[in-house]
Amino acid sequence: MSGSRAEAEQKGGSRQRFQVNVNEYKENQNIADVSLRPVQTTVLVKTAKVYLVPFSLSNYKTGQLKRPKSLIDKNSNNEVTCKKSKKAEIKKSCRRILTPKMEATSSKEESTLQKSSLDVPAESNKWQAKSPSDTVVLSADTESSQGGDSDEDTTPGLDDFSELSPYERKRLKNISENANFFASLQLSESAARLREMIKKRQPPESKRKKPKKKENGTGCRRSMRLLKVDPSGVPLPAAPTQTVLEVDENPLIPPGPLEMTPENRDDDDELFKGFLQTWAELSKTRSKNTEKELSSIKSYKVNLNGMVISEDTVCKVTRGSITSMAIHPSEMRTLVAAGAKYGQVGLWDLTHQPKEDGVYLFQPHSQPVSCLYFSPANPAHLLSLSYDGTLRCGDFSRAVFEEVYRDERSSFSSFDFLTEDASTLIVGHWDGRMSLVDRRTPGTSCEKLIKSSLSKIRTVHVHPVHRQYFITAGLRDIHIYDARCLNRSRNQPLISLTEHTKSIASAYFSPLTGNRVVTTCADCKLRIFDSSCISSKIPLITTIRHNTITGRWLTRFQAVWDPKQEDCVIVGSMAHPRRVEIFHETGKWVHSFLGGETLASVCSINAMHPTRYILAGGNSSGRVHVVSVGWGGHWRGGCDAFSTFNQAEC
């Protein structure tokens, strides 16, 4: 009897040790995840009764929870088999749901269990073998040492967990309710239906039927020349490849003097020889430098009203658009020079009839000719400056274009004479630099290369009285410099005019006294400044509203002074009918040259004869329009009837 009792106690102790090992195994599992599937839970309490209860939600129905079945006792001889099956079930169990509070409870119950292990009765619960599809849940039916609240909510099917804390019971209840809710939604069935719908959905078939390819049919015909075969089908021999040389549209003119050969005439033309002889005679007669008083505005208007234009005074002189103009100061003949976009210089002698016989076209440059001046010292010399970095002097007495200054690494924009004898020049570059050139020194280099304070220079003009001062027009600023204070480094201007808000086209001193400066800006304004006293600031005295937006294909307007009447400005116009307008320095309109069908284009560049009432205007197609006094029987150049209209427009 005592032997059987000792044997029972030994078995009970081994069962409790096994139970403690199971608890240790469970506590070491990761509790980070929560699963709604049936799980295996171990709850250790004071008594030594351990039940293996199979619990599953796989056969769960709404409003009903499967209760654990009663344990089936087995013979004690199967104890070893139960232990092995228990270990296998623990390894295959689901993740265990365990909170820190449950861990503390388990540790307390484990210590109590170790103390009362000797009093455990011999009988024990046996494991019940189930199918692999069922999930084994380890639970205990115990009584709490401290007692529990009888008012706690109980969940149907959770009677065996009555010894859990209120928090754990509430948690298990929420889990079961959530499981019921998600099961009622039937999400898995909806997802399966959606998958089937996506699989069944196919892209819509195009209504247009694709033509079936004929396997044995003939394809589209192809050129035998492209296939490089002869009519008999024999391949042609490969043609030898020829290297294509890229031709520059504007080849640079070679350095050195160029022979003056007109492109529109033959070399042995008698007219051209007579033309050169005329220029030689003009070089002997020079205009006298006599001071003239300004005429009154009334007499000036009368003379302007006497100027007329006719078809005989309109002629095409260059092939491209005209970019610069000059009128010879001769009192005997009317000679007009025009610089073109493609580097041509055209000369027109209006005394020849028909008018085409008096036109001579030369090619001294390869790029636009932006500036033209007749030499004040020798009227037979015509100086031209181009974007191609060359400055040439056309000597018509010797029929040659001499090279005065050359810099192929730069592009020139404008020039002017620093001295009255035309021996020293100031040249403006498009990159903002300036050059001092002395024609008396041999070679084609400059004396000094100066860096200005402007990023770009459009025009350069020298003061007519105080020739040490010159004015430059940049992008949006206008600077006045003193040629005596220039150095090679960056130079600061004496005066800076910053009233302009957009791009500037030109800036010029008045021709007789230099007391005024006129500027042309892209903001549709002509501005006139008082430069009678060159100090730290030059005041703005007049602003004239004038349309200066010429667009892409027309040469930009440049307002210039009338050499005879230095208080009047000449500028082209975009108004209809086409015209050339004259404004007074006070901003008042003075006169408009109208020509009807004869003057049907925009004359962007204009020049006035220094002593005679002759105006020459060039358009963007290479035509020159000359308005002069004495061409009887033609359109009148202006009319007082347009006075009110033009004043209102301005």
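How many helices and strands are there in the protein chain?

## Overall make-up

The protein chain has 9 helices and 33 strands. Helices (H or I, at least four residues) and strands (E, at least two) are DSSP runs, numbered from the N terminus. The model is predicted, so local features need pLDDT of at least 70 and side-chain atom pairs count only at pLDDT 80 or more, while totals for chains, interfaces and linings use all residues. Residues are numbered from 1 along each chain as its sequence is written, and side-chain values use heavy atoms, with hydrogens and water left out.

## Burial and contacts

Of the 650 residues in the protein chain, 46% count as buried, where buried means under 20% relative accessible area, exposed over 50%, and partly exposed in between (1.4 Å probe, protein chains only). Contact means heavy atoms within 4.5 Å. Among contacts between residues at least 6 apart in sequence, 58% join residues at least 24 apart.

## Salt bridges

The structure holds 15 salt bridges; each is a side-chain nitrogen of Lys or Arg within 4 Å of a carboxyl oxygen of Asp or Glu. One of them joins Arg484 and Asp482, whose closest N and O atoms are 2.9 Å apart. Arg484 is exposed, at 59% relative accessibility, whereas Asp482 is buried, at 7%.

Arg516 and Asp530 form a salt bridge at 3.0 Å, N to O. Arg516 lies in strand β23 (residues 516-521) and Asp530 in strand β24 (residues 525-530), so this pair ties together parts that are 14 residues apart in sequence.

Lys564 and Asp562 also form a salt bridge, at 3.1 Å from N to O. Lys564 is buried, with a relative accessible area of 14%, and Asp562 is buried at 0% relative accessibility. Elsewhere, salt bridges with shared partners join Arg392, Glu403, Arg406 and Glu408 into one network.
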